[in-house]
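Trainee: Hi! Could you walk me through this one in plain words before my group meeting?

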Amino acid sequence: MKTVVLNLSEAELKDKFNKLKNRCDIANLLDITDYQLRYHLYIHSLKSAYTEFKIPKKSGGYRHILQPITSLKIIQQKLNQVLKAVYEPKPSTHGFTVGRSIVTNAQAHLRQRYLLNIDLKDFFPSINFGRVRGLFMAKPYNCTEEVATILAQICCYDNQLPQGSPTSPIISNMICSKLDSQLQRLAKKHQCIYTRYADDITFSTSRCPPDLSSEFT
């Protein structure tokens, strides 16, 4: 591996991403050899590519972390840099987004009278390989089937997004882009404010709480 950081501008990374056609193009974009990419995709055992451990959650229970080995982590860090160049976060997205944080997420709801907070269960594990592959093949990314499959292979482990991988946070935001758009429209319709910080969804308003049940039937 030559470097953890790709020495290209965001515009250059986006242009190279849009021109990806095959595995060799991906290796070139990530500044690694085709053999290095093939080794991690097809030769090295995935079971030994990640270290699993648990950390306690504030709300109780444990969070299962899957941490990639150093060489795979470097590949994912580079891909994360590329994805940051091509992904355009919605205004309501505050997690894993440059210039936004848990603080900006909370500030959006200041001085509101009512607040509803929803925690999405099994956020990362619920995003499987097929969804990630489909994400890259769909608009606005429009990747070829080969490219989408390889990118999903880099990002996924055991048919899920591993919590602890450098690419999992931004992939989760990309997956939730349509959800964010839909909930933004719903919030606007009912004069509410909507934000999402990772798996934490928040609505707030100073109006009497609207009946949203009809929106989900």
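Trainee: Okay, and what should I know about the model itself?

Mentor: This is a predicted model, where local features need pLDDT of at least 70, side-chain atom pairs count only at pLDDT 80 or more, and totals for chains, interfaces and linings use all residues. Residues are numbered from 1 along each chain as its sequence is written, and side-chain values use heavy atoms, with hydrogens and water left out.

Trainee: Back to Lys14, then. Which side chain does the side chain of Lys14 meet in a salt bridge?

Mentor: That of Glu88, at 3.7 Å from N to O. Lys14 is in helix 1 and Glu88 is in the loop between helix 4 and helix 5 (102–107), so the pair ties together parts that are 74 residues apart in sequence. Glu88 is exposed, with a relative accessible area of 59%. Helices here are DSSP runs of H or I with at least four residues, strands are runs of E with at least two, and both are numbered from the N terminus.

Trainee: What counts as a salt bridge?

Mentor: A side-chain nitrogen of Lys or Arg within 4 Å of a carboxyl oxygen of Asp or Glu.

Trainee: And how many salt bridges does the structure hold?

Mentor: Six. In one of them the side chains of Arg23 and Asp34 meet at 2.6 Å, N to O. Arg23 sits in helix 2 and Asp34 in helix 3, so this pair ties together parts 11 residues apart in sequence. Another joins the side chains of Arg133 and Glu145 at 3.0 Å, N to O. That pair links distant parts of the chain, with Arg133 in helix 6 and Glu145 in helix 7, 12 residues apart. There is a network too: salt bridges with shared partners join Arg23, Asp34 and Arg38.

Trainee: New topic! How many residues does the largest nonpolar core have?

Mentor: 40 residues, and those with the most contacts inside it include Phe17, Ile26, Leu83 and Phe136. At least two core residues each come from several helices, among them helix 1 (10–18), helix 2 (23–29) and helix 4 (70–86). Helix 7 gives the largest share, seven residues. A nonpolar core is a set of buried Ala, Val, Leu, Ile, Met, Phe, Trp, Tyr and Cys residues joined through side-chain atoms within 4.5 Å.

Trainee: What is Ile26 in contact with?

Mentor: Leaving aside neighbours within four places in sequence, Ile26 contacts Leu20, Leu37, Val147, Ile150, Leu151 and Ile154. A second, separate core has seven residues, including Leu183, Leu186, Ala187 and Ile201. By the way, contact means heavy atoms within 4.5 Å.

Trainee: How many of the residues of helix 8 are buried?

Mentor: Eight of its eight residues are, so helix 8 is largely enclosed by the rest of the structure. The cover over those buried residues includes helix 4, helix 6, helix 7, helix 9 and strand 4.

Trainee: And the strands? In what order do they form the sheet?

Mentor: The order is 3-5-4, in an open sheet of three strands with antiparallel pairing. Strand 3 (114–119) and strand 4 (193–197) are the edges, each pairing on one side only. Two strands pair if DSSP finds at least two bridges between them. Strand 3 and strand 5 (residues 200–205) pair over six bridges, and Tyr114 stands opposite Thr205 in strand 5.

Trainee: Last one: is His94 buried or exposed?

Mentor: Buried, with a relative accessible area of 8%. His94 is in the loop between helix 4 and helix 5. Its C-alpha atom is 6.1 Å from that of Arg196, although the two residues are 102 residues apart along the chain. Not counting residues up to four places away in sequence, what His94 touches includes Thr104, Asn105, Thr195, Arg196 and Tyr197.

Terms used:
Buried < 20%, exposed > 50% of the residue type's maximum accessible area, 1.4 Å probe, protein only.
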